[in-house]
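Colleague: I have the file open in the viewer. Could you walk me through it before I do anything with it?

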Amino acid sequence: MSIFKTVAAAFSACLLILASMTQPLPAQVNRAKQPDPEPPPKAAFPPYETFTLKNGLKVFLVKNDKPIVTFRMLIRGGKSAEGNQTYIADVAADLLDKGTTTVSAKEFAERIDFVGGTIGATSSDELISVSARGLKKHIEVILNLYSDAIINPAYSQEELEKYVQDQITGLASAKARSEFLADYATRKLMFGNTPLGRMPNEEDMRNITRQKVVDFHHTWFVPSNATLAVVGNITKADLMTRLESAFANWKGGKQPTVAALKLPERKGRRLIVVDRDAAVQSTIRVIGSGPTMTDPDRPKSSILNNVLGGGTGLGNRLTMNLRETHSYTYSPYSYFDPNPFRPMFIATADVRNSVTDSAVKEMLYEIGRMRNQPVPGDELNRNIQSAIGSFLMSVSDPAVTASRVQSIDFFKLPKDYFAKLPTIYNATTAADVQRLAKKYLAEDQLAIVIVGKASEIADKLKQFGTVEVWDADLNPVGGGDASADIGMTAQQVWDKMLAAMGGEAKMRSVTSRKMQAEIGANAGNSVLKGKFEMIEEAPNKNYQMMDMGIAKTEQYSNGANVAMLISRGGAPPQTQKIEGEAAEKYYESTHIMPEAYVKDLGVTLRVKGKKSVNNVECIQIAVTYPKSGEGTYSIDAKTFLPVRIDPAMGMPSILSDWKSVDGVMFPFAITLIPMPGQEMHLKDIQYKLNDPISPAVFTKIQ
Amino acid sequence: MLHHIGKRCAAIAGVSLAATALAVNTGIAAGDLPKLAYEKFTLPNGLRVILSVDKSAPVVSTFVHYHVGSKNERPDRTGFAHFFEHLMFEGTANIQRHTLDKLVQSAGGNLNAFTSNDETGYQINLPSNQLKLALWIESERMMHARVEEIGVETQRGVVKEERKNRYDNTPYGSLLANIFANVAKGTPYEWTPIGEAQYIDQAGIEEFRDFYKKYYVPNNAVLAIVGDIDLAKTKQWVMEYFSDIPRGADIERPKVTLQTGQGERTVDVREPHTPLPALVYAYPGAQKGDPDAYALEILSTVLASGQSSRLYKDMVDEKRLAVGAQSLVFDMESAGVIGFFAVAHPTTTMDALGEEFDRQIELVKENGVTEKEFQKARNQIETQFAGRFNEPLDKAMALASYETYFNNPELVNTEIDKYMAVTREDLQRVARKYFAKENRVIIQYYPGAQGG
């Protein structure tokens with residue numbers, strides 16, 4: 001067949017060329033005038049079929065003639081169903097393709113890869129979506145793996161541990177991205193201390209157990225709580241037979257319900273700057289409110305958004321202003337998020353540091369213009385036509401049709417909800433748009449979140465409201481003292497800690513300390529073992545040595561400079577020095593028994609709040625040094641011994657197994673965290689206090 | 001629920017993966033996959049036109065493929081082709097400045113564009129009754145685009161922000177620039193399409209006009225139209241709008257040969273926003289259409305496509321050396337680059353990543369791949385190509401690209417044969433041929449301060 005077509009094409013091309021050479025050129029078109037369109041095409045909402053399996057699973061089928069078949073199951077719940085265990089919905093989704101009770105993770109990957117298919121799941125605020133895709137001719141293999149993953153996921157301890165480890169690592173790099181921080185800062189502001197508002201942290205990840213994942217799956221993955229959409233070249237009868245067989249063993253109780261979320265009240269302007277010192281751009285979010293999917297305002301809000309910062313072209317107002325007129329940014333845009341718990345309007349732009357305030361001003365100006373002036377007729381009409389056109393084009397994609405059919409069911413929308421959209425768009429007036437702008441984008445209710453370099457941008461933002469600066473953990477920087485929450489001042493907590501550690505006087509009597517330990521670190525699946533030694537002398541001299549066999553580091557701190565000697569493999573040792581201001585910062589926090597000298601060192605203390613750290617209920621005290629900045633002590637709320645220390649400089653440590661040495665308490669199990677996800681364990685620790693130390697110990701290579 | 005809009009234009013380096021094609025599953029004929037029917041003709045001014053009917057929805061897509069990319073730039077004017085892509089949205093003799101987008105939007109459509117090392121492509125999607133609008137806009141842009149100071153000035157700022165956004169502020173955003181700067185050193189593939197900002201600042205308005213006159217001519221372009229169209233009417237309209245655009249001078253195509261045999265080189269990159277160390281091995285590969293390019297693509301599928309692939313299974317899953325590992329295949333018009341990229345797990349070292357790369361490469365060189373791996377990769381590629389035509393625009397882009405690079409749109413149906421022709425032995429052969437230590441560039445990303 002293809003030969004015939006090629007010949008035909010070549011033949012017709014010849015004719016055309018002949019025609020154009022032997023005849024005068026075609027009539028000149030009037031180039032000055034935009035061509036008139038042909039009569040508009042009719043777009044019907046594409047047909048689909050629906051049926052229910054014996055186990056109650058509702059199925060939608062959208063047929064096409066393509067060789068690929070796709071499955072998408074929606075399971076109600078998602079993040080909103082997490083309760084107190086942040087991230088559990090993500091774990092339940094992300095581990096779904098990591099093997100089943102009868103097929104190992106490796107075999108599962110091997111089987112689906114072999115047929116060129118993919119299976120995966122993601123969780124969102126209100127649901128978990130599980131998808132499979134592949135060639136129709138491999139439907140048997142794909143469907144077997146897909147249903148097995150949904151019904152019998154293994155959630156093995158081994159895969160869970162690997163996953164948690166990876167997520168902790170991933171979190172560190174995610175926090176280096178402005179967009180990630182902007183997303184979660186917005187969430188924290190809008191959803192507060194609910195599952196939707198919490199940024200995952202290392203602690204939450206570590207608290208996830210296999211049983212919690214299994215329980216979550218058991219509760220939410222039931223047929224009555226799910227729908228399945230299928231797109232492909234398959235008949236209803238064939239599909240029904242295959243699904244009844246693949247999901248025959250899927251039973252389950254009644255549909256669970258999501259408990260209501262207690263969201264923080266939105267009142268007044270909030271202006272948050274999340275400080276990212278390395279940022280060369282500011283990521284700006286201006287946040288209003290909006291309609292849910294079921295709100296009658298929803299369709300017309302699309303027109304409002306098209307004019308302001310959405311639509312399919314570059315003609316919207318935010319782009320014209322910020323990109324084309326001012327060159328502030330590459331791609332500003334806005335959208336209404338019909339989040340069922342708290343719908344929002346979000347306008348966003350990434351701009352260079354120096355124009356952050358100017359860009360915010362222009363964004364607020366454009367939003368204000370939507371409220372204060374009706375949209376001119378031609379601009380309104382253009383955006384209405386655009387919305388209708390987008391709808392026309394969207395019906396060409398069966399996957400979109402399938403997801404719409406599922407949305408109708410999920411959100412209990414009228415059956416003709418999508419089919420009616422063009423009519424509603426067409427009837428939208430300038431007054432409608434202005435009314436929606438006033439309702440959802442009121443000036444004093446707009447929140448602003450900016451991720452950027454606070455030292456360069458924060459001052460100039462004061463014109464827009466009270467600037468609150470957050471750190472990369474989304475905690476207020478130098479912010480409020482939470483003494484009231486715990487019923488103690490920071491100093492009182494600190495004094496209790498000093499008492500628990502043996503008392504301030506006793507601690508200050510320590511003039512030197514030697515510590516030796518065995519050290520173990522995980523490297524991939526193997527464990528590296530080595531030796532650790534530290535010698536300290538008052539006030540702040542120290543020597544540290546870590547010998548892991550393949551690498552050895554020594555650090556000599558004589559109170560003025562720091563010199564490091566690093567030897568790796570057989571290579572000649574390298575020397576590194578810390579001097580000047582960096583050394584001054586370093587020495588601030590390396591005082592011997594530093595807890596007993598906070599006043600001498602000019603440290604300020606602040607209560608951050610209560611938090612579970614390593615499964616211990618802790619009080620967190622922010623410890624701020626004059627030069628090196630803020631660190632955190634997480635102190636056991638019962639024993640008042642430190643559980644974890646995150647110093648202003650240097651690596652975090654987790655401390656346990658406290659015992660007395662000559663009347664002062666020291667930890668006999670220490671875990672050092674050089675990087676998130678990496679751990680070094682100190683064991684067989686020995687301490688020796690107040691031995692005379694030779695000065696040469698600290699100055700060998702100074 | 002979040003959708004990104006208005007992200008027009010993507011300066012992509014090295015056209016990349018998936019030149020296109022499909023491979024065939026064991027015992028099942030390639031004829032399984034539906035054939036794409038089309039018609040092709042050429043106007044007297046040299047414009048090649050390809051039409052294909054797709055009645056799945058009342059929409060039409062046009063794609064104008066100009067055979068000019070960053071490799072056509074002067075070394076002291078990099079970024080020119082991509083900058084031009086932005087200028088082409090400024091307006092034309094008959095289309096007012098800043099109205100081009102609005103025209104398409106008002107008609108219910110959308111438009112976009114991209115630039116790579118070899119090409120610049122312009123896309124318009126519209127309801128099918130608005131096809132003439134797309135033809136008018138594209139013929140206007142080909143005939144007399146506005147190349148004016150005011151537009152140049154605006155787009156200078158926009159492109160700088162794009163650069164910051166996509167490359168300077170993104171972890172590993174400089175990856176491709178570093179690979180090409182080293183593997184393609186001394187050739188026009190040395191720089192990536194985004195180019196260096198200062199050259200656009202240095203260029204005068206005449207230089208922009210000369211670039212337009214030289215490359216934005218009908219004999220350097222292919223127009224593909226796919227959708228719910230009437231073939232006879234469409235041909236008539238194409239002739240009306242495009243026939244009176246004058247042909248330009250013939251264009252000399254740069255010949256590129258990547259240097260080999262100059263010994264292994266190591267480049268360290270320290271950037272403040274690098275979250276974890278990462279390692280790249282890169283080598284000269286095979287150019288688009290070279291039989292070896294198909295073999296390299298299948299080999300890279302074996303090595304890094306899916307959770308059962310070698311790199312994922314060993315480096316990410318079992319040994320926990322990397323948080324992610326992938327192979328890199330760039331098949332450009334006149335050269336290729338192939339390599340590996342892994343981001344280190346926090347508990348591992350750069351050396352351990354390198355040792356594992358070395359081990360994997362030696363394994364393939366010594367033992368080739370298993371029959372099962374070979375079949376799996378072919379199945380994966382078959383699925384990839386069976387699923388590539390979701391929208392009319394996908395078809396238009398494939399047809400135009402085959403015409404531009406091979407003068408043969410029929411490859412849309414037959415490139416499968418080239419994948420089919422690759423044998424298991426070829427995979428071992430290309431591994432030995434291309435993964436040569438003396439051609440290797442090693443790029444090491446470390447978290448840290450700039451420069452360093």
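**Two chains and their contact**

Modeller: Lys106(A) forms a salt bridge with Asp317(B), and the closest N and O atoms of that pair are 3.7 Å apart. Please keep in mind throughout that this is a predicted model.

Colleague: How many salt bridges are there between chain A and chain B?

Modeller: The count is 10 salt bridges between chain A and chain B, and there are also 25 residue pairs in polar contact between the two chains, both residues of a pair being at pLDDT 80 or more. On the side of chain A that touches chain B, helix H1 (residues 2-22) of chain A gives the largest share, with 9 residues. That side of chain A divides into 40 nonpolar, 33 polar and 29 charged residues.

Colleague: And what area do chain A and chain B bury between them?

Modeller: They bury about 9000 Å² between them, with 56% of it on carbon and sulfur atoms. Of the area that chain A buries against chain B, Arg31(A), Phe114(A) and Tyr330(A) supply 10%, which is more than any other three residues. The contact takes 102 residues from chain A and 105 residues from chain B.

Colleague: Changing topic: which residues have the most contacts inside the largest nonpolar core?

Modeller: Those are Phe208(B), Tyr216(B) and Phe242(B), in a core of 60 residues. Helix H3 (residues 131-144) of chain B contributes the largest share of this core, 7 residues. If neighbours within four places in sequence are left aside, the residues in contact with Tyr216(B) include Tyr66(B), Val68(B), Phe84(B), Met88(B), Tyr122(B), Met142(B) and Phe211(B). Apart from this core lies another one, of 58 residues, and among them are Val355(A), Ile384(A), Val395(A) and Phe464(A).

Colleague: Which loop holds Met593(A), and is Met593(A) buried or exposed?

Modeller: Met593(A) lies in the loop between helix H21 (580-588) and strand E19 (604-613) of chain A, where its phi is near 45 degrees, a positive value in a residue other than glycine. Met593(A) counts as buried because its relative accessibility is 6%. Phe640(A) also has a positive phi, near 65 degrees, and is placed in the loop between strand E21 (629-636) and strand E22 (642-646) of chain A. With a relative accessibility of 9%, Phe640(A) counts as buried.

Colleague: Now the threonines. What joins the side chains of Thr100(A) and Asp148(A)?

Modeller: A polar contact of 2.7 Å joins them, although the two residues are 48 residues apart in sequence; their C-alpha atoms are 6.6 Å apart in space. Thr100(A) sits in the loop between helix H2 (88-94) and helix H3 (105-114) of chain A, and Thr100(A) is buried, with a relative accessible area of 4%. Beyond four places in sequence, Thr100(A) is in contact with residues including Phe108(A), Ala149(A), Asn152(A) and Pro153(A).

Colleague: And on the other chain, where is Thr78(B)?

Modeller: Thr78(B) has its place in the loop between strand E4 (59-66) and helix H1 (80-87) of chain B, and Thr78(B) is buried, at a relative accessible area of 3%. A polar atom of the Thr78(B) side chain lies 3.0 Å from the backbone nitrogen of Glu196(B). Not counting residues up to four places away in sequence, Thr78(B) touches, among others, Trp191(B), Gly195(B), Tyr199(B) and Ile200(B).

Colleague: Last one: how many helices and strands are there in chain A?

Modeller: Chain A has 22 helices and 25 strands, and buried residues make up 55% of its 702 residues. Taken along the principal axes, its C-alpha atoms fill a box of roughly 105 × 60 × 60 Å.

Definitions and conventions
Residues are numbered from 1 along each chain as its sequence is written. Chains are lettered from A and ligands numbered from 1 in the order in which they are written. This is a predicted model: local features need pLDDT of at least 70, side-chain atom pairs count only at pLDDT 80 or more; totals for chains, interfaces and linings use all residues. Side-chain values use heavy atoms; hydrogens and water are left out. Contact means heavy atoms within 4.5 Å. Buried area is the accessible area (1.4 Å probe) that two parts lose on being put together, summed over both. A salt bridge is a side-chain nitrogen of Lys or Arg within 4 Å of a carboxyl oxygen of Asp or Glu. A polar contact is a pair of N or O atoms within 3.5 Å; within protein, one must be able to donate a hydrogen and the other to accept it, and residues adjacent in sequence count only if both atoms are side-chain atoms. Helices (H or I, at least four residues) and strands (E, at least two) are DSSP runs, numbered from the N terminus. Ala, Val, Leu, Ile, Met, Phe, Trp, Tyr, Cys and Pro count as nonpolar, Asp, Glu, Lys and Arg as charged, and the others, Gly among them, as polar. A nonpolar core is a set of buried Ala, Val, Leu, Ile, Met, Phe, Trp, Tyr and Cys residues joined through side-chain atoms within 4.5 Å. Buried means under 20% relative accessible area, exposed over 50%, partly exposed in between (1.4 Å probe, protein chains only).
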